[in-house]
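Reader: I have a model open on my screen and would like to talk through how its parts pack together. Could you take me through it step by step?

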2 protein chains.
Amino acid sequence: MVLTEKTVNKNYIYRGKIINVRCDDAQLPDGKPCKRELVEHPGGACVIAVLEGKIALVRQFRYAYGEELFEIPAGKLERGEDPANAALRELGEETGLSADRLEPLFTIYPTPGYTNEKIYIYEARNVKRGEAHPDDGEFLGVEYIPLAEAFAMVQDGRIKDAKTIIALQYLKNRG
Amino acid sequence: MVLTEKTVNKNYIYRGKIINVRCDDAQLPDGKPCKRELVEHPGGACVIAVLEGKIALVRQFRYAYGEELFEIPAGKLERGEDPANAALRELGEETGLSADRLEPLFTIYPTPGYTNEKIYIYEARNVKRGEAHPDDGEFLGVEYIPLAEAFAMVQDGRIKDAKTIIALQYLKNRG
């Protein structure tokens, strides 16, 4: 069975700074009409960086949840930007770390029911220290957490962010 | 440093079937005004179910990506619904499987930059066969994939959905 839905009309409801929102007229696989709500996002890139056995985690208030979260360094892509460049840039801005090379680990779809965002996850190789320089209006703290402790934070729910869980589980699996 | 942003005004831009969208007036930790775009979502529940060494994966067209994806059975919460109930319901509707008990594994935040969705991930215990009965307008196929093959699909990128990757990585880690 081929499962395909067709776009009949793209209807923009909102064009924002980070997201656009559409409610399209679409067609189900059986030809019947339907509505499809979706969020357009340019995509994100993130990087797991380990320095002397400790992982760099960014502690940041996330407005949508009203909570501080721990996440690996991440940011959204500029238009047409190579995700590896974005990951390296965010690593530098948020933590001051640099890396000789980024290894692609996964491209994940965070919540496919309504967003088209792709998140590119990298691993930093040959990590080196430097000076952080967060964007204006970006308030964050950087913590260096021993890997075993970070794995425990995934298990006990202190780390909740999907991309960060995936990157940590990957490292744990690799051993 | 306490990192907190305050809501000054909640501004609804869209109230939809699955999502609401807001662009709030907010206040940064330093007191400066800012705008915060966010998607309200009621939350989702999903369940990894293994029957005779094979995992139940739902193959479904996702409009936002224009692709068919493999995902563990999942659905959104009804208002005030217990996530475990939702997970069990979706398991039954989408695959026909039932389970004696659901074990909570993780509560994940799929993409905290702009959504408040929480996804509750469960593991089904004592899985049994039954008859699928998908919602009207829900077109999907169910495939039973040997666990080792599913782990390989995570590594080679055939499985892209974040909740599915997290559940599979968890099983792989547990061994």
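Author: Gladly, and please keep in mind that this is a predicted model.

Reader: Which residues make the contact between α3(A) and α3(B)?

Author: From α3(A) the contact takes A:Ala162, A:Ile165, A:Ile166, A:Gln169, A:Tyr170, A:Lys172 and A:Asn173, and from α3(B) it takes B:Ala162, B:Ile165, B:Ile166, B:Gln169, B:Tyr170, B:Lys172 and B:Asn173. Sorted by class, the residues of the contact of α3(A) with α3(B) are eight nonpolar, four polar and two charged.

Reader: Stepping back to the whole interface, how many residues does the contact take from chain B and from chain A?

Author: Chain B gives 54 residues to the contact, and chain A gives 54 residues as well. On the side of chain B that touches chain A, the elements that give two or more residues are the strands β2 (12-15), β3 (20-27), β4 (33-40), β7 (54-62), β8 (67-71) and β10 (98-108), together with the helix α3 (162-174) of chain B.

Reader: Which of them gives the largest share of that side of chain B?

Author: That is α3(B), with seven residues on the side of chain B that touches chain A. Taken by class, the residues of this side of chain B are 30 nonpolar, 13 polar and 11 charged.

Reader: And what rotation superposes chain B on chain A?

Author: Chain B is superposed on chain A by a rotation of 180° with 0.0 Å of shift along its axis, and the RMSD is 0.0 Å. That is the relation of a two-fold axis. If you want to find the axis on your screen, look for B:Pro110, which comes closest to the rotation axis of the residues of chain B, with its C-alpha at 2.5 Å.

Reader: Now inside one chain, what does α3(A) pack against, and at what angle?

Author: Within chain A, α3 (residues 162-174) packs with helix α2 (residues 147-155) at an angle of about 125°, and their axes are 10 Å apart. The two helices α2(A) and α3(A) are therefore oblique to each other, and their crossing is left-handed.

Reader: Which residues of α2(A) and α3(A) make that contact?

Author: The helix α2(A) contributes A:Leu147, A:Ala150, A:Phe151 and A:Val154, while α3(A) contributes A:Ile165, A:Leu168, A:Gln169, A:Leu171 and A:Lys172. By class, the contact of α2(A) with α3(A) has seven nonpolar residues, one polar and one charged.

Reader: Last topic, how is chain A divided into domains?

Author: Chain A is divided into domain 1, covering 6-40, and domain 2, covering 44-174. The centres of these two domains of chain A, taken over C-alpha atoms, are separated by 30 Å. Their contact takes five residues from domain 1 of chain A and four residues from domain 2 of chain A, and the domain 1 side of it has three nonpolar, no polar and two charged residues.

Notes
Residues numbered from 1 in each chain as written. Chains lettered and ligands numbered in written order. Predicted model: local features only at pLDDT ≥ 70, side-chain atom pairs only at ≥ 80, totals over all residues. Domains from an automatic or database assignment. Contact = placed C-beta atoms within 7 Å. Nonpolar A, V, L, I, M, F, W, Y, C, P; charged D, E, K, R; others polar. Helix = DSSP H or I, 4+ residues; strand = E, 2+ residues; numbered from the N terminus. Least-squares fit on C-alpha atoms with pLDDT ≥ 70 in both. Axes fitted to C-alpha atoms, helices over the stretch in contact; angles between N-to-C directions. Parallel < 35°, antiparallel > 145°, perpendicular 65-115°, else oblique. Left-handed = near helix turned anticlockwise from the far one by under 90°.
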